[in-house]
Amino acid sequence: RFLDVARKETERVSHIIRQMLGFARRSGEVEWVEPNQLIEETLILVEKKMKQARVEVARIFDPQLPKIRARADQLRQVFLNLLLNAQQAMEKGGRITVRTSVYEQALQPTVSVQISDTGRGIAEADLARIFEPFFSTRSKGTGLGLWVTQDIVRHHGGRIEATSEEGKGTTFNVILPV
């Protein structure tokens with residue numbers, strides 16, 4: 001029994017270390033990227049997983065969305081983390097809506113990428129802590145996904161906001177400068 005517990009804990013620590021190493025490795029050059037295209041490429045990666053989980057994905061893309069200066073691989077990681085979290089919040093299937101738009105409430109031109117799900121939502125007490133390292137509401141979660149996601153967004157000069165209603169779903173809004 002002890003060896004089984006030790007093996008599982010070793011695998012868990014190994015997983016955390018791999019995530020942290022990937023987080024520390026700043027890959028890719030800053031270049032002009034099209035957010036809609038990055039999201040579409042990310043959705044292709046998770047298309048099969050979404051179908052298996054009975055999750056429908058709706059795309060509401062602003063066709064006039066400006067390009068932004070970013071590390072494409074890192075933004076793909078942001079969108080991947082948010083999409084997989086949304087999928088995991090819906091045990092019996094549901095709907096994810098990905099919406100892009102020009103964010104009007106900022107002083108400088110910015111782009112908004114909203115990823116909403118119809119999942120279980122996040123308790124208000126937990127919502128304040130979701131970006132903390134090692135905080136997770138899932139039993140098998142490492143608590144690093146949203147922490148890394150927020151760090152990547154901040155390094156791009158942006159911010160990420162979350163709103164949620166228990167039993168109705170969650171929306172993450174990634175706001176990035178043009």
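**A friendly first look at the strands, loops and a pocket**

1. Let us begin at a pair of facing residues: Ile115 stands opposite Phe172 in strand β7. Please keep in mind while reading that this is a predicted model. On the sequence, β5 covers residues 110-117, while β7 covers residues 169-177.

2. Strand β7 has another partner to look at. Strand β6 (residues 159-165) also runs antiparallel to β7, and seven bridges join them. Here the bridge partner of Ala162 is Phe172, the residue that Ile115 of point 1 stands opposite. Between β6 and β7 lies a hairpin with three residues between the strands, and in this hairpin Gly167 takes a positive phi near 85 degrees.

3. How many of the nine residues of β7 are buried? Eight of them are, so the strand is largely enclosed by the rest of the structure. Asn173 sits in this strand. Its relative accessible area is 8%, and because buried means under 20%, Asn173 counts as buried.

4. Which side chain does the side chain of Asn173 meet in a polar contact? The partner is the side chain of Ser112, at 2.6 Å. Ser112 belongs to strand β5 and is buried as well, at 2% relative accessibility. Leaving aside neighbours up to four places away in sequence, Asn173 touches Tyr103, Ser112, Val113, Gln114, Arg159, Ile160 and Glu161. With neighbours within four places again left out, Ser112 is in contact with Arg99, Thr100, Ser101, Tyr103, Asn173 and Val174.

5. Now for another pair of strands, β1 and β3. Strand β1 (residues 30-33) pairs with β3 in the antiparallel sense over four bridges, and Val33 stands opposite Ile68 in β3. Strand β3 (residues 68-71) has two faces: Ile68 and Ala70 make up the covered one, whereas Arg69 and Arg71 make up the uncovered one.

6. Two alanines in loops make a handy comparison. Are Ala89 and Ala128 buried or exposed? Ala89, in the loop between α3 (72-88) and β4 (94-103), is buried at 13% relative accessibility. Ala128, in the loop between α4 (124-127) and α5 (145-155), is exposed at 67%. Setting aside residues up to four places away in sequence, Ala89 touches Asp117, Gly119 and Arg120.

7. Finally, the second largest pocket holds about 300 Å³ of space. Eleven residues line this pocket, and the closest to its centre are Lys8, Arg12, Ser139, Lys140 and Gly141. By type, the lining divides into two nonpolar, five polar and four charged residues.

Definitions and conventions: Residues are numbered from 1 along each chain as its sequence is written. This is a predicted model: local features need pLDDT of at least 70, side-chain atom pairs count only at pLDDT 80 or more; totals for chains, interfaces and linings use all residues. Side-chain values use heavy atoms; hydrogens and water are left out. Buried means under 20% relative accessible area, exposed over 50%, partly exposed in between (1.4 Å probe, protein chains only). Two strands pair if DSSP finds at least two bridges between them. Contact means heavy atoms within 4.5 Å. A polar contact is a pair of N or O atoms within 3.5 Å; within protein, one must be able to donate a hydrogen and the other to accept it, and residues adjacent in sequence count only if both atoms are side-chain atoms. On a 1 Å grid over the protein atoms alone, a cavity is a set of points where a 1.4 Å probe fits but cannot get out, and a pocket is an open set with protein on both sides within 12 Å along at least five of seven lines; lining residues have an atom within 4 Å of a point. Grid points are joined across faces, edges and corners, and a volume is the space filled by probe spheres set on the points. Ala, Val, Leu, Ile, Met, Phe, Trp, Tyr, Cys and Pro count as nonpolar, Asp, Glu, Lys and Arg as charged, and the others, Gly among them, as polar.
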